[in-house]
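Subject: Handover of a structure for your review

Dear colleague,

Please find the structure below, together with its sequence. My notes on what was found follow it.

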Amino acid sequence: MGVAGRLRVAVLGATGSVGLNTLDVMARHPDRFEVTALTAHRKTDELAALCRTWRPRVAVVAGPDEAEALRSALPVDAVTEVLHGPRALEEVAAHEMVDAVMAAIVGAAGLRACMAAAAAGKRLMLANKEALVVGGALFMQAVQRGGATLLPIDSEHSAIFQCLPTDRSLWNDWIDHIVLTASGGPFRTRAPATLSAVTPEEAVAHPNWVMGRKISVDSATMMNKALEVIEARWLFGLEPSRIRVVIHPQSIIHSMVACRDGSVLAQLGTPDMRVPIAYGLSFPERIESGASRLDFTRMNDLQFEPPDPARFPGLQLAYDALRAPEGATAVLN
Ligand code: NAD
Ligand code: MG
């Protein structure tokens, strides 16, 4: 812990959608959080602006050219040490002056830093689902051996985590199955014959969430939900037959736990990543996230439908990959 017991946080992928939302939540609680490290890949101007605001001890960028650009964009008396490359990401994630790591790099590039944070026993807030999809059992072993606290940030997995008791040893007995909700993305009702002509701009125009481009495209194809099925398999220790997916176009219910006794528990909220991020930052407490509140008197419809396998063939690949020999999920990713 830092000054006056503040949680010292490293935000990996600080210039991205999840990274910026994380900083937005932390800015509401200067008494609780301090930023010790910020990282970005190539957006050095954006990162420089964040460093001026947050004054982290360390900043990490992709390579020597980006490091030079960042140094020259910072004031001469800056407190921030600038490092570069994948090794530096690992060092920051495991550093003794870091209590908690927000893993918000996109893609498998985030794996090594996540493994380093896990092995070092950090509070690991995992948005970077691809790292878990690729790392699988090895990732979970690193968490267990390192004594890390793994907290899901993906909204569906945060929803399930919020519905479950904090005592993980109860999970298997509690759960009959879980239901991941999916919005269906921008092409849910588009005539199949027109899908070959969609543009990147149409694909990233998600109906409910504002996110990075890669996850937005994955949402349009439902490959994102495929990755989330695999993510859930590891986070909650469930065999694939206990993980179901339903399309819920309003994105109000963020996922559900169907319990042994017939109870179904759901977590609801407006679609705003600051809610799961705030829970990851404050668990087991709860803090203000900045998200707008649900108004049940204005909510006229909650719809549900099964995903159409012909429209979204990628979803089944998650189940196939989980049944295949270990490593298949990394190939799928
Ligand atoms: P983004 O593209 O907006 O941001 C990605 C961040 O990672 C940026 O800071 C970028 O500089 C950095 N980065 C990119 N490539 C890198 C590399 N090779 N090495 C180091 N850093 C690199 O992405 P995002 O939408 O914020 O998503 C981040 C992760 O969170 C993804 O795994 C995504 O699936 C997951 N996630 C995002 C959301 C969301 O609302 N955006 C929701 C749930 C889960
Ligand atoms: Mg999600």
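In these notes a residue is called buried when its relative accessible area is under 20%, exposed when it is over 50%, and partly exposed in between, with a 1.4 Å probe and protein chains only. The model is predicted: local features need pLDDT of at least 70, side-chain atom pairs count only at pLDDT 80 or more, and totals for chains, interfaces and linings use all residues. Residues are numbered from 1 along each chain as its sequence is written, chains are lettered from A and ligands numbered from 1 in the order in which they are written, and side-chain values use heavy atoms, with hydrogens and water left out.

**Cysteines**

A disulfide is a pair of cysteine sulfur atoms within 2.5 Å. The structure holds 0 disulfides. For Cys163, the closest cysteine sulfur is that of Cys259, and the 8.2 Å between them is too far for a bond. Cys163 is buried, at a relative accessible area of 11%, and Cys259 is also buried, at 10%.

**The two sheets**

Helices (H or I, at least four residues) and strands (E, at least two) are DSSP runs, numbered from the N terminus. Two strands pair if DSSP finds at least two bridges between them.

One open sheet is built from 7 strands in the order β4-β3-β2-β1-β5-β6-β7, with parallel pairing. At its edges are β4 (81–84) and β7 (149–152), each of which pairs on one side only. From one strand to the next, the twist averages 25 degrees. Angles run from 0 to 180 degrees between N-to-C directions, and axes are lines fitted to C-alpha atoms, for helices over the stretch in contact. Strand β6 (residues 123–126) is joined to β7 by 4 bridges in the parallel sense, and Leu124 has Leu150 of β7 as its bridge partner. Contact means heavy atoms within 4.5 Å. Helix α3 (residues 64–73) lies across β3 (58–61) and β4, at about 165 degrees to β4.

Another open sheet has 4 strands in the order β9-β8-β10-β11, and its pairing is mixed. Its edge strands are β9 (243–247) and β11 (264–268), each pairing on one side only. Neighbouring strands of this sheet are turned against each other by 20 degrees on average, direction ignored. Strand β10 (residues 253–259) and β11 run antiparallel and are joined by 5 bridges; in β11, Leu268 is the bridge partner of Ile253. Helix α7 lies across β8 (175–182), β10 and β11, running at about 40 degrees to β10.

Glu156 in helix α7 (residues 155–163) and Glu228 in helix α11 (residues 223–236) are 72 residues apart, and the pair links distant parts of the chain. Glu156 is buried at 8% relative accessibility, and Glu228 is buried at 1%.

**Aromatic rings and a cis bond**

Rings of Phe, Tyr and Trp (its six-membered ring) pair if their centres lie within 6.5 Å; planes under 30 degrees apart count as stacked, over 60 as edge-to-face and the rest as tilted. The structure holds 5 aromatic pairs. One of them is the edge-to-face pair of Tyr279 and Phe283, at 5.6 Å centre to centre and with 75 degrees between the planes. Tyr279 is buried at 11%, as is Phe283 at 16%. Ring pairs link Phe161, Trp171, Phe236, Tyr279 and Phe283 into a cluster.

Phe283 is also joined to Pro284 by a cis peptide bond, with omega about 5 degrees. Pro284 lies in the loop between α12 (274–282) and α13 (314–323).

**Helix α10 and positive phi values**

In helix α10 (residues 213–221), Ser216, Asp218, Ser219 and Ala220 are buried. The buried residues of α10 pack against α9 (200–204) and α11. Just after α10, Met222 takes a positive phi of about 65 degrees. Met222 is buried, at 2% relative accessibility.

Arg55 has a positive phi too, near 45 degrees. Arg55 is placed in the loop between α2 (44–54) and β3, and is exposed, with a relative accessible area of 53%.

Yours sincerely
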